[in-house]
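Hi,

Here's the structure I said I'd pass on.

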Number of protein chains: 4
Amino acid sequence: MDFEPSAKVKALQAQLNAFMDEVVLPNEKVFEEQLKSAPSRWQIPPVMEEMKAQAKAQGLWNLFLPDKQYGAGLTNLEYAPLAEIMGRSPIAPEVFNCNAPDTGNMEVLVQYGNEDQQREWLLPLLDGSIRSCFSMTEPDVASSDATNIQASIVRDGDEYVINGRKWWSSGGGDPRCKIAIVMGKTDPAAPRHEQQSMILVPLDTPGVKIERIVNVFGYDHAPHGHAEISYTNVRVPAENIIWGEGKGFAIAQGRLGPGRIHHCMRSIGIAERALELMIERVSNRVAFGKRLADQGVIREWIADSRIEIEQARLLTLKAAYMMDTVGNKAARKEIAMIKVVAPNVALRVIDRAIQAFGGAGVSDDFPLAAAWANVRTLRLADGPDEVHRDSIARMELKSFKKE
Amino acid sequence: MDFEPSAKVKALQAQLNAFMDEVVLPNEKVFEEQLKSAPSRWQIPPVMEEMKAQAKAQGLWNLFLPDKQYGAGLTNLEYAPLAEIMGRSPIAPEVFNCNAPDTGNMEVLVQYGNEDQQREWLLPLLDGSIRSCFSMTEPDVASSDATNIQASIVRDGDEYVINGRKWWSSGGGDPRCKIAIVMGKTDPAAPRHEQQSMILVPLDTPGVKIERIVNVFGYDHAPHGHAEISYTNVRVPAENIIWGEGKGFAIAQGRLGPGRIHHCMRSIGIAERALELMIERVSNRVAFGKRLADQGVIREWIADSRIEIEQARLLTLKAAYMMDTVGNKAARKEIAMIKVVAPNVALRVIDRAIQAFGGAGVSDDFPLAAAWANVRTLRLADGPDEVHRDSIARMELKSFKKE
Amino acid sequence: MDFEPSAKVKALQAQLNAFMDEVVLPNEKVFEEQLKSAPSRWQIPPVMEEMKAQAKAQGLWNLFLPDKQYGAGLTNLEYAPLAEIMGRSPIAPEVFNCNAPDTGNMEVLVQYGNEDQQREWLLPLLDGSIRSCFSMTEPDVASSDATNIQASIVRDGDEYVINGRKWWSSGGGDPRCKIAIVMGKTDPAAPRHEQQSMILVPLDTPGVKIERIVNVFGYDHAPHGHAEISYTNVRVPAENIIWGEGKGFAIAQGRLGPGRIHHCMRSIGIAERALELMIERVSNRVAFGKRLADQGVIREWIADSRIEIEQARLLTLKAAYMMDTVGNKAARKEIAMIKVVAPNVALRVIDRAIQAFGGAGVSDDFPLAAAWANVRTLRLADGPDEVHRDSIARMELKSFKKE
Amino acid sequence: MDFEPSAKVKALQAQLNAFMDEVVLPNEKVFEEQLKSAPSRWQIPPVMEEMKAQAKAQGLWNLFLPDKQYGAGLTNLEYAPLAEIMGRSPIAPEVFNCNAPDTGNMEVLVQYGNEDQQREWLLPLLDGSIRSCFSMTEPDVASSDATNIQASIVRDGDEYVINGRKWWSSGGGDPRCKIAIVMGKTDPAAPRHEQQSMILVPLDTPGVKIERIVNVFGYDHAPHGHAEISYTNVRVPAENIIWGEGKGFAIAQGRLGPGRIHHCMRSIGIAERALELMIERVSNRVAFGKRLADQGVIREWIADSRIEIEQARLLTLKAAYMMDTVGNKAARKEIAMIKVVAPNVALRVIDRAIQAFGGAGVSDDFPLAAAWANVRTLRLADGPDEVHRDSIARMELKSFKKE
């Protein structure tokens with residue numbers, strides 16, 4: 001269990017950090033300004049494509065993808081400190097083509113897609129020329145239990161017909177978003193975990209309608225956007241099914257492991273940035289005759305933040321290490337643990353920073369409020385905390401009985 | 001210490017509850033739709049003025065104002081359960097002309113304004129025909145310590161000249177907002193708490209510029225709006241000073257007592273609504289073969305929420321009772337306590353409700369996310385938690401020494 | 001809902017406070033010394049009977065008992081502030097004949113006992129000449145669920161035969177303890193809540209054996225003592241049954257309401273004392289060049305302690321008020337709430353005080369460590385927190401459905 | 001940063017685990033019984049010396065000591081998982097001669113003692129034939145600030161004369177305890193951190209008096225015992241000074257690093273045992289028709305316990321790794337972090353286990369209550385939490401400024 005980054009990773013860290021400092025962070029405000037001054041919030045600020053080109057030119061591209069043919073071929077443990085760096089800025093992951101949900105979708109296509117599917121959708125995604133969304137969650141049922149899903153995927157000759165309503169199809173607001181991976185039931189009579197399938201649905205297929213963009217705490221997250229999409233008698237060729245009928249649940253499990261830990265890595269990055277911002281702020285503000293940094297309660301916030309970040313980082317590394325060495329399935333307790341820990345730690349650290357910033361903290365002058373809102377969704381996305389806690393307990397109870 | 005509402009208050013509660021159910025709650029979405037479809041977000045949805053007219057016609061008007069000549073003449077203890085009801089909806093307080101910061105400003109004018117000031121500004125505020133803002137907080141200093149304030153108010157002949165930059169001038173985005181109460185220093189050489197003064201500044205005075213509206217967690221809070229305002233060589237007649245030079249700190253202290261507790265009462269109202277929404281939601285959703293309402297962890301959330309709300313409500317009532325009986329100054333420990341408790345309780349309850357709602361919780365389909373963001377500002381507004389805690393400790397330590 | 005103490009109660013508070021300051025507190029160390037120097041820890045330090053005589057002479061006696069014929073005739077709301085005062089010292093409740101479990105046992109006898117039972121057992125208990133224990137909890141089952149109880153009470157002619165093993169029969173170590181109220185099953189085939197009965201068992205009955213005294217965090221709580229008692233073919237006259245066969249559960253419910261709230265009142269008293277001790281300590285100790293009282297983190301402990309105690313006290317008063325006005329059954333949500341709140345608040349406050357005291361805090365030089373251990377049992381006694389939380393949630397969910 | 005145990009360590013783990021299962025755990029009750037049936041609590045249960053002999057014979061001896069000449073020569077990282085195993089039982093550390101405060105004292109003698117001191121005191125300590133105590137903390141001052149120390153060590157010819165009162169001289173109750181390391185001031189006029197010295201004082205020196213044994217939450221911790229010792233005109237040869245005059249603070253700093261982390265390792269061991277006990281208990285008890293293990297709230301306790309233990313363990317390993325690689329001084333932020341984390345995690349886990357056990361949890365039938373009390377002292381020993389948090393914050397603030 002060696003967490004020390006290799007020389008290769010250290011070099012990438014240095015390169016990424018430099019890129020963040022020189023390119024990404026200074027462009028956060030530019031991105032926002034371009035978005036604000038554009039005629040619509042649903043078009044891409046030019047600075048994004050410029051930054052992408054630069055990152056790609058430097059080889060800082062698709063680092064998330066363990067596959068050596070298509071991606072950087074890094075292990076989870078190698079990727080962790082790099083994803084953490086990207087997590088420091090809300091606009092960074094896309095710059096390096098490491099943004100959810102495209103990352104998860106690309107992994108699905110690499111692992112379970114056939115050659116045609118890969119040529120048509122994986123290559124442009126890897127290239128960053130199109131983007132994708134993932135249509136799984138439904139507004140009408142508790143989607144924390146994947147067996148609740150109601151969308152139907154029915155075979156009709158050479159086609160499948162898809163009907164259903166999905167939301168939190170994140171990235172669906174992006175004009176470059178061309179393809180959705182849709183989860184639905186092909187056989188409601190099959191065993192519980194073999195009823196679901198995943199299928200590729202180009203967004204320009206008749207019957208696909210983006211109903212609206214769902215806000216998150218007042219943020220529209222433009223131009224990304226969390227889309228609510230209705231699928232009404234949508235017909236796609238039968239070969240668009242991924243892996244095969246009834247494989248939806250299995251793919252989801254495979255997809256979620258890396259997806260969850262990527263969120264965690266990034267959460268630690270934003271927590272680290274919030275702590276740095278807090279330390280800077282309290283070092284410079286004075287109240288009641290003392291620097292904020294000299295007030296005991298605020299020092300306690302700093303110490304607790306450092307303590308919590310440090311532990312969350314180590315647990316992330318351990319989970320990544322286990323995924324690399326014993327596989328995603330054997331590592332699922334560790335994945336569940338870090339999925340609970342990392343967003344909660346980040347929320348606490350960001351919240352303390354907000355408090356230390358006073359009114360500026362809840363405003364959008366600093367990245368703290370937006371970061372909080374964003375991380376808050378991660379206590380729900382890919383399974384709510386309480387479901388993960390229950391799984392952890394089940395595994396603990398089971399391993400006790402075995403002994 | 002009798003917390004039982006009088007017959008008069010019970011009647012008002014019933015009337016208010018009916019008004020909320022019949023008029024306000026059904027109009028929440030109408031208000032939002034009118035705002036969304038208007039050419040600008042900074043104009044008033046017609047439904048607001050319609051509701052105000054109805055409320056006024058029913059006598060549900062200015063209930064916050066203890067003054068019998070100008071307001072409803074209710075004590076703080078009587079007003080508490082009524083403010084709680086209003087707190088259930090973000091649009092309700094204005095409907096009943098009980099919205100911050102107008103309430104605080106009206107109280108200042110009732111208590112410290114001279115007859116001219118009252119005629120010109122208090123009467124239209126009481127009437128609901130204009131609105132006001134309060135310019136105290138400054139972006140460049142830690143305003144939790146009021147002595148940090150840098151804006152200057154300098155006497156020049158028959159006028160005062162005001163220079164400074166203020167933000168969180170809430171309500172400054174509203175086109176009906178006509179007047180600001182500005183806090184600044186008239187005499188930086190005076191004793192610490194006599195340097196500040198408050199002065200009335202009509203918003204159409206040359207040199208007053210609304211620089212921008214500050215967002216709160218992505219929300220612009222239109223058409224209310226938290227304005228950042230620059231005051232550049234702004235000249236107003238000398239008689240616009242309130243009470244007198246050097247009285248700013250004293251007025252602020254007087255203003256903040258009731259203001260703080262009104263926030264607390266409303267916080268309890270929104271917490272109560274969040275708990276009700278959560279209970280309704282979990283009663284109807286099923287995951288893993290069980291109603292959410294039958295899952296132990298969620299039941300714990302419900303129990304803890306009820307326990308915390310109940311205690312916060314009792315403490316609010318006690319603080320109100322003490323303000324009524326021993327005065328705001330003698331009640332300042334109780335005010336500080338409830339100012340810490342109520343927003344934190346509401347945040348926890350709302351956060352649990354968000355979690356129980358899943359993705360819907362962080363969206364703007366339900367009032368939870370917006371409520372959370374709004375209440376989060378209350379851990380900072382009118383003094384951050386940590387400053388209140390420090391005051392409480394100081395009072396405890398002092399009373400121990402006396403014994 | 002008037003929490004203001006009446007003139008009568010204020011007079012009793014003053015009298016009790018004076019008695020505590022002059023008699024009880026100075027005798028805490030005397031009690032301990034007499035216990036330590038006695039040949040056995042299971043005999044009564046003479047100072048206890050002296051204090052009892054003084055208290056009785058002053059009429060500070062049986063204040064807990066709402067019954068006017070047998071006790072002080074105070075309401076729960078009137079008794080609350082008095083019990084709080086008694087709660088300040090571990091030896092105080094017995095001084096005023098208000099010690100558990102005798103209080104609960106006396107209430108059972110007043111409410112459900114027949115004349116013979118009252119004459120034989122209630123009168124000497126009221127007089128303070130004997131003491132009693134309550135044998136309900138069993139070591140072999142989860143007694144949080146009263147239907148788990150296994151002890152049997154079988155009718156045999158004019159007698160009942162009792163078999164079972166009970167622990168946490170508190171007070172069973174006391175040489176003056178003469179009588180146990182034993183809960184067991186008379187009819188395992190009856191409906192769930194009518195299987196149990198309660199019966200009076202004199203401790204000198206053949207077959208009753210005190211197996212041992214159970215320690216609490218290293219404390220033997222001598223000379224009171226939590227006894228583990230085996231009942232082997234114990235025969236008592238049939239008329240020893242209380243109220244009737246199958247009434248055990250109903251009596252337990254009736255018994256626990258007041259018992260629970262008395263524990264809560266006393267918990268607040270000990271929390272208040274811990275806060276005072278902490279304030280005194282930190283006012284006098286210096287570390288790193290500053291009084292502890294001037295260090296931000298410690299001031300936060302003081303503030304949070306005051307905030308939590310204040311709220312717990314108000315909730316206790318509300319629960320007491322409701323028991324007085326709508327009855328124990330209708331008040332059971334409030335009773336459950338305060339049963340969760342008060343011990344947890346006291347534990348947090350005492351723990352902070354321990355921390356502020358440093359090594360002295362965990363020692364037995366100050367009453368903090370013993371108080372913590374004692375209060376810790378209250379998160380389990382009379383129902384563990386989690387069971388009460390579940391009840392609160394059930395009531396919330398039910399009242400929502402009704403609306 | 002490789003946390004994977006080496007083959008050597010894995011072998012030791014296996015050997016230690018087997019020894020624990022076969023020898024130590026079954027003898028916990030034997031130890032207790034022998035102690036209880038002995039004429040005095042201050043003599044050594046024979047089973048202890050028997051177990052020590054067995055452990056020594058197996059080479060499970062002095063594993064704590066990194067010095068290769070005198071000890072096992074393990075690094076901190078290697079020792080961590082072994083200390084964790086020993087931490088599972090309160091009697092285990094002594095069995096392996098790895099008990100505080102002897103471990104710290106031996107390290108001081110190895111590092112700073114001269115040859116005579118080592119021959120006379122270190123060798124018998126290493127051999128397990130005598131035991132020692134550490135007299136630093138004083139009852140009259142806040143010892144969290146070591147500069148507060150008042151005991152005096154005054155040179156008088158060839159001797160030093162020691163005067164002072166110390167408590168928490170743990171192990172001082174043990175009849176085998178022969179030597180104390182005493183900290184006092186040799187030069188109150190020297191710079192703040194050069195006033196203190198440490199000196200060896202044989203306990204049979206005239207003027208040394210064990211005043212009493214200080215209890216911890218009702219436990220006397222016999223036959224170890226936390227002694228309060230008065231030193232009155234105690235004269236020892238000048239060569240008993242360790243390292244030299246004015247070196248006391250420096251030695252304390254050096255001593256505390258390893259001491260602190262050993263406590264943390266053991267805390268994790270006891271937390272792990274508490275979790276196992278809880279899992280076993282809830283797997284077998286039924287309440288309200290369901291196994292406790294199937295109740296959501298209890299499953300949450302299990303999950304949170306696992307999550308917290310896992311993180312604490314990783315942070316312990318990281319701190320140990322850093323001590324090994326960059327040294328105790330450079331690792332002091334990590335040491336401070338784990339010193340805050342580990343005891344708090346253990347307390348929470350043990351407390352949940354206590355709650356799950358019901359009344360049995362607070363009794364001494366299971367090791368939980370005693371473990372809680374023991375770990376509670378660790379939030380104070382070797383520096384209270386709040387002092388460590390303050391150091392962490394100071395280091396964070398400083399490293400920010402440097403950047």
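The crossing of α8(A) and α9(A) is left-handed. Keep in mind as you look that this is a predicted model. To find the pair, go to residues 296-325 of chain A for helix α8 and residues 332-357 of chain A for helix α9. Their axes come within 9 Å and cross at roughly 155 degrees. Angles over 145 degrees count as roughly antiparallel, so α8(A) is roughly antiparallel to α9(A).

Which residues meet there? From α8(A) they include Ile298(A), Trp301(A), Ile309(A), Leu315(A) and Met322(A). On the α9(A) side you'll find, among them, Ile335(A), Met337(A), Val341(A), Val345(A) and Arg352(A). Sorted by class, the residues of this contact come out as 15 nonpolar, two polar and five charged.

If you want a label for this part of the chain, UniProt has an unreviewed entry that lists residues 246-394 of chain A as "domain: Acyl-CoA dehydrogenase/oxidase C-terminal". That span is 79% helix and 3% strand, and its end C-alpha atoms lie 26 Å apart.

Now for how the chains meet. In the pairing of A and B, 37 residues of chain A are in contact with 37 residues of chain B. On the chain A side, the elements giving two or more residues are β3 (159-170), β8 (286-287), α10 (359-362) and α11 (368-377). The largest share, five residues, comes from α11(A). By class, this side of chain A splits into 20 nonpolar, eleven polar and six charged residues.

How are chains A and B related? A rotation of 180 degrees with 0.0 Å of shift along its axis superposes chain A on chain B, with an RMSD of 0.0 Å. The two copies are therefore related as by a two-fold rotation axis. If you'd like to find that axis on screen, look for Gly218(A): in chain A its C-alpha is the nearest to the axis, 2.3 Å from it. Both copies use the same surface, and 100% of the contact residues of chain A recur in chain B.

There's a contact between chains D and C to look at too. It takes 37 residues from chain D and 37 residues from chain C. On the chain D side, β3 (159-170), β8 (286-287), α10 (359-362) and α11 (368-377) each give two or more residues. Here the largest share, five residues, comes from α11(D). The classes on this side of chain D are 20 nonpolar, eleven polar and six charged.

Cheers

Terms used
Residues are numbered from 1 along each chain as its sequence is written. Chains are lettered from A and ligands numbered from 1 in the order in which they are written. This is a predicted model: local features need pLDDT of at least 70, side-chain atom pairs count only at pLDDT 80 or more; totals for chains, interfaces and linings use all residues. UniProt positions are given in the numbering used here, feature names are shortened, and annotations may be inferred rather than shown by experiment. Helices (H or I, at least four residues) and strands (E, at least two) are DSSP runs, numbered from the N terminus. Axes are lines fitted to C-alpha atoms, for helices over the stretch in contact, and angles run from 0 to 180 degrees between N-to-C directions. Angles under 35 degrees count as roughly parallel, over 145 as roughly antiparallel, 65 to 115 as roughly perpendicular and the rest as oblique. A crossing is left-handed if the near helix is turned anticlockwise from the far one by less than a right angle, and right-handed if clockwise. Two residues are in contact if their C-beta atoms, placed from the backbone, lie within 7 Å. Ala, Val, Leu, Ile, Met, Phe, Trp, Tyr, Cys and Pro count as nonpolar, Asp, Glu, Lys and Arg as charged, and the others, Gly among them, as polar. Copies are superposed by least squares on the C-alpha atoms of residues with pLDDT of at least 70 in both.
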